[in-house]
Amino acid sequence: MTVPHEWVPPATLGAEQHPSREQVLAGLKGTDEGAPDLVQLLTPEGERVSDSRFDRYATDLDVAALRGLYRDMVLVRRFDREANALQRQGQLGIWVPLLGQEAAQIGAGRALQPQDMAFPSYREHGVAWTRGIDPTELLGIFRGTDQGGWDPKATRFHLYTIVIGNQCLNAAGYAMGQRFEGRVGNAVGDGADAGSVNEATICFFGDGATSQGDVHEGFVWAAVYDAPVVFYCQNNQWAISEPTERQSRVPLYKRAGGYGFPGVRVDGNDVLACLAVTRWALEECRSGNGPVLIEAFTYRMDAHTTSDDPSRYRLADELELWKLKDPIERVRVNLVREHGVGQEFFAEVQAESDELAARFREFCLQMPPPAPDRMFSEVYAGGSPTVDAQREEFLAYHESFEPEGSLSGASGEGA
Ligand SMILES: Cc1ncc(C[n+]2csc(CCOP(=O)(O)OP(=O)(O)O)c2C)c(N)n1
Ligand SMILES: [Mg+2]
């Protein structure tokens, strides 16, 4: 058999183009303290360090602001743990823990202005908190009583998106709209402060989502339309049981270069750095320089959801290592060592978190089950003959049962 064209092997590529497995892994996880590509303002030991590029986005973060960020993180962790426990007790169908990602979410959320729009995935309970959504409003989806209990327009926080990466398309489209309608980069001339008037969008997604076509398409559209959207990837290093090295050969923040917009990697367990970098990114978007990609490098400290068992696919020593980088602990240490904050403050926050947990729990336990036909009522805004017929059939089926208790005289006896 003849070979039509002689195959010529490509010229040997340099190590940059053909990295070894070790080099790929080092790049994906090159986040040890002091790594050149990791933005950090607070070390795991609680020491405030300087970053020549991003310090100016944190100059107003005094001790009062730091206390606020600490309080935010403690409270969201507390209701996250309470929800996890409620699922274990059968009160929620499922819960998606945020444990370990408090700094990544509170930092980004507190960088937003009221007029900005946020598109979450399903783990963004901390961002919801910063948009003024009461934690009890998150419970409906996880108890199966509604599809999201908050008003996305009023809160500027879209409903949770379970379809991985889909919100990147929604966010790119929304940000394109902001641009078409002139709500970006045009309000400075008349004396208005661009930061308080111009709009930006932020989109939250995970490391695993970056393998989805929707994310790629969102990046392409946002890039070519200079859409004011911050793509905020919380790289918690796992997509259920798939580690990042099974998803990428390059660090995720570097992917932005291929689309023609900047990408920055920030220590996702450092709330100050996440806040400063997100402020910068939003400012870029507001002034017409979007989009921007942020990779917040963090770690999923708990299971993917309450239906998952991470001991099946990852080693406990990884978890132990990340406990030392805890996002809340480093702020506590900084408050004590560098600002002399006393025990009283921490006791107050603890008491407040206990109250929140109790209120959250009480609310969950008294949530009434929805009417059986609830699942049909919000499919179409204006109804649909097919869905209406299905609803009637379903209700008739329900009504065919005897009322509870009347079927068996033995009910409650013996067994
Ligand atoms: C389009 C689609 N494919 C698959 C799934 C199933 N799924 C749910 S979560 C998940 C992993 C997502 O990982 P990542 O993007 O890293 O986010 P994380 O859960 O770690 O926050 C997958 C594959 C889904 N929900 N949607
Ligand atoms: Mg992940």
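Two strands count as paired here if DSSP finds at least two bridges between them. The strands themselves (E, at least two residues) and the helices (H or I, at least four) are DSSP runs, numbered from the N terminus.

This is a predicted model, in which local features need pLDDT of at least 70 and side-chain atom pairs count only at pLDDT 80 or more, while totals for chains, interfaces and linings use all residues. Residues are numbered from 1 along each chain as its sequence is written, with chains lettered from A and ligands numbered from 1 in the order in which they are written.

**Stop 1: the whole chain.** Show the protein chain as a cartoon and you get 16 helices and seven strands. Of its 415 residues, 39% are buried (20 or more other C-beta atoms within 10 Å of the residue's own, with C-beta atoms placed from the backbone).

**Stop 2: the sheet.** Now pick out the open sheet of five strands, which runs β1-β2-β3-β7-β6 with parallel pairing. At the edges sit β1 (117-119) and β6 (263-267), each pairing on one side only. Neighbouring strands are turned by 20° against each other on average, direction ignored (axes are lines fitted to C-alpha atoms, for helices over the stretch in contact, and angles run from 0 to 180 degrees between N-to-C directions).

**Stop 3: β2.** Select residues 201-206: six of the six residues in this strand are buried. T201, C203 and F205 lie on one side, and I202, F204 and G206 on the other. In a regular strand, side chains alternate between the two faces of the sheet. β2 pairs with β1 over three bridges, and M117 stands opposite T201. With β3, β2 makes six bridges; look for F204 and its bridge partner Y232. Then follow the chain from β2 through helix α9 (residues 213-224) to β3, a right-handed β-α-β crossover (with the strands pointing away from you, the path from the first strand over the helix to the second runs clockwise).

Stop 4: β3 (residues 229-235) and β7 (residues 292-297) share six parallel bridges, and F231 is partnered with L293 in β7.

**Stop 5: ligand 1.** Finish by selecting the 14 residues that surround ligand 1 (C-beta atom, placed from the backbone, within 6 Å). The closest are I164, G206, G208, A209 and A239.

Methods: A residue is buried if 20 or more other C-beta atoms lie within 10 Å of its own, exposed if 12 or fewer, and partly exposed in between; C-beta atoms are placed from the backbone.
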